[in-house]
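User: Could you walk me through reading a structure like this one, feature by feature? I would like the general idea each time, then the case at hand.

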Amino acid sequence: MSAQLGSALGRVLGKGSAHSGVHHWSVQRGTALALIVLLPWLIGSALLLPDFSYDSVRGWIGGSWTAVGLCLVVPILCWHSQLGVQVVIEDYVHHDGVKTAALLLVRAAHVVLAVAGVIAVLRITLGSAG
Amino acid sequence: MTRRPLSPHLSIYRFMYTMSLSILHRITGLALSCGLILLVAWLVAASRGAESYEHFRQWAQGSLQLQLLLALWLLALLFHLANGIRHLLWDADIGFERPQARRSAKLVVAFVAVAGTALLWFVFFGGRS
């Protein structure tokens with residue numbers, strides 16, 4: 001056991017660190033690093049398409065490198081985004097009930113976005129392979 | 001829920017221009033989070049067939065407001081990217097002295113101005129549809 005800082009009363013009342021800050025901090029930085037590499041590549045390659053017609057875009061998303069990249073970048077974006085929005089909510093929403101509801105809603109919305117995005121990419125790339 | 005100290009006590013600081021970058025980092029982050037919805041909607045539309053995609057495309061390209069939003073979104077992305085790298089370097093204890101932080105703030109603004117102009121020019125006047 002590590003040394004306990006603070007008084008017994010303080011611990012019972014739940015004062016002090018929540019002990020989840022380090023994880024939040026490192027995931028936010030880790031996802032940021034991944035996005036620095038992945039996003040310029042994917043946005044750059046999308047902007048180099050001759051047009052944004054259905055066929056061009058399907059061909060682009062369905063290409064194996066792009067598909068792998070998108071399947072990585074969409075969940076990582078969602079994770080990074082969720083962590084960022086979480087901090088903003090924690091800083092500016094002070095009503096406990098509203099705060100909890102907002103945090104849960106934001107988390108659920110990001111999970112839905114990540115899953116929907118990956119399924120869409122998989123449907124395109126697996127569909128166009130056959 | 002317990003009450004833990006939180007960061008932005010903006011009112012007690014004297015304003016410095018570097019602060020506006022910090023605030024902008026949050027604002028652009030939130031804007032990009034909203035843009036994420038459109039990005040996923042674009043992927044989903046493409047996955048649901050030609051008709052659904054054309055529908056989405058006409059909606060997105062037909063409205064001036066959305067085109068403006070897309071331009072702002074790209075600028076927000078450039079800013080958040082450049083300023084985010086600045087934050088990551090600070091985390092690695094690089095450039096965290098005040099004069100350096102002020103210089104890198106100007107560098108970020110200059111980067112967004114130059115790269116933003118080039119990118120928007122390419123996207124909107126690059127001769128694509």
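User: What radius of gyration does chain A have, and what would a compact globule of 130 residues have?

Analyst: A word of care before we start: this is a predicted model. The way to read a radius of gyration is to set it beside the value for a compact globule. For 130 residues that value would be near 14 Å, but chain A has 20 Å.

User: Which elements make up chain A, and in what order do they run?

Analyst: Chain A has five helices and zero strands, so the order reads α-α-α-α-α. Burial and contacts come next. Of the 130 residues in chain A, 20% are buried. Among its contacts with a separation of 6 or more, 69% join residues 24 or more positions apart.

User: How many residues of chain B are in contact with chain A?

Analyst: The size of an interface is often given as the accessible area lost when the parts come together. Here we can count residues instead: 30 residues of chain B are in contact with 32 residues of chain A. On the chain B side, α1 (17–47), α2 (50–62), α3 (64–91) and α4 (98–125) each supply at least two residues. The largest share, 11 residues, comes from α1(B). By class, that side has 17 nonpolar, seven polar and six charged residues.

User: What do the buried residues of α3(B) pack against?

Analyst: To read packing, list the buried residues and see which elements they touch. In α3(B) the buried ones include B:Leu77, B:Phe79, B:His80 and B:Arg86. The buried residues of this helix pack against α1 and α4 of chain B, together with α2 (21–47) of chain A.

User: And which residues of α4(B) are buried?

Analyst: They are B:Ser104, B:Val108, B:Val112 and B:Leu119. The buried residues of α4(B) pack against α1 and α3 of chain B.

Technical notes:
Residues are numbered from 1 along each chain as its sequence is written. Chains are lettered from A and ligands numbered from 1 in the order in which they are written. This is a predicted model: local features need pLDDT of at least 70, side-chain atom pairs count only at pLDDT 80 or more; totals for chains, interfaces and linings use all residues. Two residues are in contact if their C-beta atoms, placed from the backbone, lie within 7 Å. Helices (H or I, at least four residues) and strands (E, at least two) are DSSP runs, numbered from the N terminus. Ala, Val, Leu, Ile, Met, Phe, Trp, Tyr, Cys and Pro count as nonpolar, Asp, Glu, Lys and Arg as charged, and the others, Gly among them, as polar. A residue is buried if 20 or more other C-beta atoms lie within 10 Å of its own, exposed if 12 or fewer, and partly exposed in between; C-beta atoms are placed from the backbone. The radius of gyration is taken over C-alpha atoms; the globule rule is 2.2 Å times the number of residues to the power 0.38.
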